[in-house]
Amino acid sequence: MIRLQAITKSFAPKRGAPPVLHGIDLSVGKGEIFGIIGASGAGKSTLVRLINLLERPTSGEVFIDDQRITDAKGAELHELRRSIGMVFQHFNLLSGRTVAGNVAWPLELAGRLTRAEIAAKVTALLARVGLADHAQKYPRQLSGGQKQRVGIARALANDPKVLLCDEATSALDPQTTGQVLDLLQEINLELGVTIVMITHEMDVIRRACDRVAVLEKGRVVEEGPVAAVFLHPSHPVTRALVREAEGDGPLETGGIIGQHLRLTFTGEGAHKPVLGGIARDYGVDFAILGGRVGHIRRNPYAQFSISLTGGNGLGAVAALQAAGVAVEVIGGAAAASLPTGIATRPERHLHVV
Ligand SMILES: Nc1ncnc2c1ncn2[C@@H]1O[C@H](COP(=O)(O)OP(=O)(O)OP(=O)(O)O)[C@@H](O)[C@H]1O
């Protein structure tokens, strides 16, 4: 659906300004909710603005639906922009227009519908985002969440195939953030709109996205399905973002005996009572050092850091794996004796809730 190929962007290449994006390769599938996460200045906004050509790449190519659009101009550019809606952090509503007037604005600009058709479409869009009763209000009379709903309705006005969300929830409180993310997921499901969401919060990615790319200083340092990246982050930047989302610092395990493992239960396995049975069968003890449970989109997960002592440790690990539990060694004694096939993490810290 969207393909960025070997993208480099410098804002003043002739004056020798260093690139803010370096050789980006990214593909977003049709109907996906794709997240781009990174710290301030990582290049997220620049990257997302390349998709609707609000920025042009210094080198590299942009494809939408397998059509090269890198140099699109005139009518082609106009059509491209109409097919890609955009939602902004600070809503960018017209303060002198009503809610209905804001949503009508892109339809009036497109000039394809009659006034009656525009009015009917605006009514349907406002109903879809839950603002049917607010059509005649002005933006100043709305809460932040309501303003963002207007922004979303306006972005959908021209039936786009792609929605770009630039920090769409960053100005909202956590509860309103959840409601706006739910709305975006409903729209994605009902209308099949592909969504590209940029954020600096891993929690937004965890709640709403299918896949994620982590951007650091203009480079993609990690990319994959959200469950894999969130539960098993491999790059230090990703680990820091997950730790920040979990709201806790590292836990020292230096003085704790036993073999330190991280166990990850996902899907149905997140609720299976496997630990007690394995402890009995293999004569081992588990001390829980930390853990977290939650959801990635709607899928439950549980992740525990444990210290394993006594009995048949290798047998216990094999039984955990047979039960569908992902096992990673994170430190402690006897790590060297584990069978092959168990992921070993170099770090000696646990990050827990
Ligand atoms: N129009 C511009 N001219 C010159 N430099 C720019 C321009 N736009 C962005 N930059 C620079 O490009 C780099 C990436 O900025 P960008 O806004 O894409 O990052 P970001 O990850 O979205 O950060 P934030 O979350 O703070 O918006 C920054 O160093 C920024 O100063």
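This is a predicted model: local features need pLDDT of at least 70, side-chain atom pairs count only at pLDDT 80 or more; totals for chains, interfaces and linings use all residues.
**Entry 1: the S9–S10 turn**

I started with the hairpin that S9 and S10 form, with two residues between them. Lys217 sits in this turn and has a positive phi of about 50°. Strands here are DSSP runs of E with at least two residues, helices are runs of H or I with at least four residues, and both are numbered from the N terminus. I count two strands as paired if DSSP finds at least two bridges between them. S9 and S10 run antiparallel and are joined by six bridges. Within this pairing, Leu215 stands opposite Val220 in S10.

Residues are numbered from 1 along each chain as its sequence is written.

**Entry 2: the sheet around it**

Next I asked which strand runs parallel to S9 (residues 211–216). I found strand S3 (residues 33–37), joined to S9 by four bridges. Gly35 has Val212 in S9 as its bridge partner.

I then traced the whole sheet: it is open, has six strands in the order S6-S7-S8-S3-S9-S10, and its pairing is mixed. At the edges I see strand S6 (84–88) and strand S10 (219–225), each pairing on one side only. From one strand to the next, the twist averages 15°.

Helix H5 (residues 144–156) lies across S6 and strand S7 (162–166), and runs at about 165° to S6. For such angles, axes are lines fitted to C-alpha atoms (for helices over the stretch in contact), and the angles run from 0 to 180 degrees between N-to-C directions.

**Entry 3: two domains**

I looked up the domain assignment, which gives domain 1 (2–244) and domain 2 (259–331); such bounds come from an automatic or database assignment. Their C-alpha centres lie 38 Å apart.

How many residues of domain 1 are in contact with domain 2? I get six, against seven residues of domain 2, where contact means C-beta atoms, placed from the backbone, within 7 Å. On the domain 1 side, helix H7 (202–208) and helix H8 (226–231) are the elements giving two or more residues. H8 gives the most, with four residues.

**Entry 4: the record**

UniProt, in an unreviewed entry, places "domain: ABC transporter" at residues 2–242; I keep in mind that annotations may be inferred rather than shown by experiment. Over residues 2–242 I read 39% helix and 24% strand, with the end C-alpha atoms 27 Å apart.

Definitions and conventions. Two residues are in contact if their C-beta atoms, placed from the backbone, lie within 7 Å.
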